[in-house]
Amino acid sequence: MKNKVFIHTSFIGSLIFSIIGSILKLNYNSSFANSFLLLGVILTFIFLMLGVIEINKSKKLSSKQKTFWTIGLIVFFNIGSLIYYFIGRKRV
């Protein structure tokens, strides 16, 4: 249960901090933009690690499905993380 809370928090946090950092960077307010973007990147990597751990611990997925989800999450981390968060986590 703890892992699910961390996954939700890291996913939502990475989206929020990345969006705010991008908006600040576009508005040339770079003093805070880099900090927000760095937090977004850190939370994204935390989400990726927790997602891969959750996929590999799953008993509902076959080894082939685990491999595809892991590769998809790591290689296509922007789109893959959205698909995993909204669709894939229900299967795990």
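In the predicted model, the largest pocket has a volume of about 250 Å³, where a pocket is an open set of points on a 1 Å grid over the protein atoms alone that a 1.4 Å probe fits, with protein on both sides within 12 Å along at least five of seven lines, and a volume is the space filled by probe spheres set on the points. Of the 15 residues that line this pocket, the closest to its centre are Ser-14, Thr-44, Phe-77, Asn-78 and Ser-81, lining residues being those with an atom within 4 Å of a point. Two or more lining residues come from each of α1 (2-26), α2 (30-57) and α4 (77-91), and α2 gives the most, with six residues. By class, the lining holds nine nonpolar, six polar and no charged residues.

The C-alpha atoms fill a box of roughly 50 × 25 × 15 Å along the principal axes. Of the 92 residues, 34% count as buried, that is, under 20% relative accessible area with a 1.4 Å probe. Among contacts (heavy atoms within 4.5 Å) with a separation of 6 or more, 53% are between residues 24 or more positions apart.

Residues are numbered from 1 along each chain as its sequence is written. In this predicted model, local features need pLDDT of at least 70 and side-chain atom pairs count only at pLDDT 80 or more, while totals for chains, interfaces and linings use all residues, and side-chain values use heavy atoms, with hydrogens and water left out.

Note on methods. Helices (H or I, at least four residues) and strands (E, at least two) are DSSP runs, numbered from the N terminus. Ala, Val, Leu, Ile, Met, Phe, Trp, Tyr, Cys and Pro count as nonpolar, Asp, Glu, Lys and Arg as charged, and the others, Gly among them, as polar. Buried means under 20% relative accessible area, exposed over 50%, partly exposed in between (1.4 Å probe, protein chains only).
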